[in-house]
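This report covers selected helices and residues of one model.

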Amino acid sequence: MSANTALDPIVEDVLQAQEPAPAVLTGPRSSFNAVLARYGMYLSVFGLLLIVLTVAWQVFGRYVLHNPPTWAESLALLLVLYVTLIAAAVGVRDAGHIGMESLLAIAPERIRVALERVIHAMVAFFGSAMVYNGWLLGASVAHYKISGLGLSEGLRYVPLVISGTLIVLFSIEHIIASLRSLEVKPSWH
């Protein structure tokens, strides 16, 4: 009897004991949201790379050239807004955000599902508040310029509107999945 045959019954028992994979929400809306989330994450990673390059150029300019670029800090701060807010929206869709699920885990199934729907509705409401207020704030400062860049101050509020819109879309997707007793498949799979 080889070692592989001795392990086969154990492996089979473990595989049989695992729960079946949950049903996943599919369809054009879910696919569209998955694509949005995936490209949102690509954009965030690219933005993070630009932040690193911008800060590196600023450090090089300051300590090597003794002439720091005036635009580098403003650009890095602007990019941080885009990276964090868009990545946060992707985290809402792919459940990568911080959650306090200890009470939900011990709650009965029916209560847990209802609370999850309420949570997703509240997150959607928060996302819509981000869109509305980001739009108002951006419009109110659009005629001012970002120091060092010469671009509109309204650009600082664009990621708030984009992120809020994505959060609303992704929360609605989670609510629809919950109503159909399905799960949302993360966009990186």
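## Basis

Helices here are DSSP runs of H or I with at least four residues, strands are runs of E with at least two, and both are numbered from the N terminus. The model is predicted, so local features need pLDDT of at least 70 and side-chain atom pairs count only at pLDDT 80 or more, while totals for chains, interfaces and linings use all residues. Residues are numbered from 1 along each chain as its sequence is written, and side-chain values use heavy atoms, with hydrogens and water left out.

## Helix α6

Helix α6 has 22 residues. Its first and last C-alpha atoms are 32 Å apart, close to the expected 32 Å at 1.5 Å a residue; the expected span is 1.5 Å times one less than the number of residues. After α6 comes S181, with a positive phi near 60°.

## Packing of α3 and α6

Two packed helices are described by the angle between their axes and the distance between the axes. The axes of α3 (residues 72–93) and α6 come within 8 Å and cross at roughly 5°. That crossing makes α3 roughly parallel to α6. Axes are lines fitted to C-alpha atoms, for helices over the stretch in contact, and angles run from 0 to 180 degrees between N-to-C directions. Angles under 35 degrees count as roughly parallel, over 145 as roughly antiparallel, 65 to 115 as roughly perpendicular and the rest as oblique.

Contact means heavy atoms within 4.5 Å. Residues of α3 that meet α6 include L81, Y82, L85 and I86; on the α6 side, V158, P159, L160 and I162 are among them. By class, this contact has 14 nonpolar, 3 polar and 2 charged residues. Ala, Val, Leu, Ile, Met, Phe, Trp, Tyr, Cys and Pro count as nonpolar, Asp, Glu, Lys and Arg as charged, and the others, Gly among them, as polar.

## Residues in α5

A114 lies in helix α5 (residues 109–141). A114 counts as partly exposed because its relative accessibility is 39%; buried means under 20% relative accessible area, exposed over 50%, and partly exposed in between (1.4 Å probe, protein chains only). From A114 to L179 is 65 residues in sequence and 9.6 Å in space, C-alpha to C-alpha.

W135 is also in α5 and is exposed, at 60% relative accessible area. Leaving aside neighbours within four places in sequence, W135 is in contact with M130 and V161. W135 and I162 are 27 residues apart in sequence, and their C-alpha atoms are 9.9 Å apart.

## The loop between α5 and α6

E153 sits in the loop between α5 and α6 (158–179). E153 is buried, with a relative accessible area of 19%. Not counting residues up to four places away in sequence, E153 touches V141, A142, Y144, K145 and I146.
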